[in-house]
Amino acid sequence: MIDDKKILFSGMQATGSLTLGNYLGALKNWVTLSDEYECFYSVVDLHSITVRQDPAELRKKARNLMTLYIAAGLDPVKNCIYYQSHVSGHAELAWILNCFTYMGELNRMTQFKDKSAKHADNINAGLFTYPVLMAADILLYQADVVPVGKDQLQHIEITRDIATRFNSIYGDVFTIPEPYLGKAGAKIMSLQDPTKKMSKSDENPNASIYLTDDRDTIIRKFKRAVTDSLGCIKYNEEQPGISNLIDIYRACTGMTVEEIEKEFDGKGYGDFKLAVGECVADMLTPVQTRFDELSKDKAYIDGIIKENAEKAGYYANKTLRKVQKKVGFPERVR
């Protein structure tokens, strides 16, 4: 614990562009957590290179993500917002933890199977050991809690297994993290295929709303959203497209499903899509305005990058030095 607060760790990959799903499902809720937790939020760029990246584009997207964190309301003083690659302890601890992780455990990870299928021409060792680096991310800061979706629970389980195994050999070294089970963010689905999550990597540009989309683009994408032929605005399994739009409208307005169904009773899908689009555009406008302002203030962002890398490095090194001593590495001469 730091200042009697439990520690929370999370991060997002520095690839693609953040979507409405990332914002409503995670980022918006992160803003409220710093009052309760000591929060470390990483721009996850080490994980990003399991897939080939254009170097200049990766640097640009990492900086944009850092800036969007702040534009969305994360206070860089109350929260430690940093680049994963600027803290060498992530990679150093990952190597040590690799030696305490079994091949069978990694073989069972569903994300490796999924990503291998998508990137069959580049099934690299980093893709296979990705969960160990994720475990290092979490354990390095002695995180008590990690906010995750259901698709990430397997990573928390293997992190707990690795930490428990290490502790059983060397004593009480790592905090055993728990998945964050507080208020869940909205699960936002694709506008073109409401049976799957909205994704940064969707090849259909109309499937996702990006946080930097302008107002006209947002409204146009909602107008093209896939619905059905039933013609009624109801929340049910038979209408996944409409139910997704209701979820988005509910997340933006705070209204209940019943209130939304009542408001749009007797109205057509066109009216509802327009209302949802305008509501989302209104919600994102302050974030976009702040992002544009911050993007122009290079010195301010550079200062945050430097200060928070030092802060993250300080806490990371406390854990790393303890681990290095436990496994028998020679002490450093000062």
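**Figure 1. Salt bridge between K61 and E57 in helix α2.** In this predicted model, the side chains of K61 and E57 form a salt bridge, with N and O 3.6 Å apart. The two residues lie 4 positions apart in helix α2 (residues 55–71), and are therefore separated by about one helical turn. K61 counts as partly exposed because its relative accessibility is 22%; E57, at 34%, is likewise partly exposed.

**Figure 2. Salt bridge between E105 and R165.** The closest N and O atoms of E105 and R165 are 2.7 Å apart, forming a salt bridge. This pair links distant parts of the chain, with E105 in helix α4 (residues 103–107) and R165 in helix α7, 60 residues apart. Both E105 and R165 are buried.

**Figure 3. Helix α7 and the residue that follows.** After α7 comes G171, which has a positive phi, near 100 degrees.

**Figure 4. Salt bridge between E310 and K306 in helix α12.** A salt bridge joins the side chains of E310 and K306, at an N to O distance of 2.9 Å. Because they are 4 residues apart in helix α12 (residues 298–327), about one helical turn separates E310 and K306. E310 is partly exposed, at 47% relative accessibility, whereas K306, at 53%, counts as exposed.

**Figure 5. Network of salt bridges.** Salt bridges link R63, K298 and D302 in a network. The structure holds 14 salt bridges.

Terms used:
Residues numbered from 1 in each chain as written. Predicted model: local features only at pLDDT ≥ 70, side-chain atom pairs only at ≥ 80, totals over all residues. Heavy atoms only, no water. Salt bridge = Lys/Arg side-chain N within 4 Å of Asp/Glu carboxyl O. Buried < 20%, exposed > 50% of the residue type's maximum accessible area, 1.4 Å probe, protein only.
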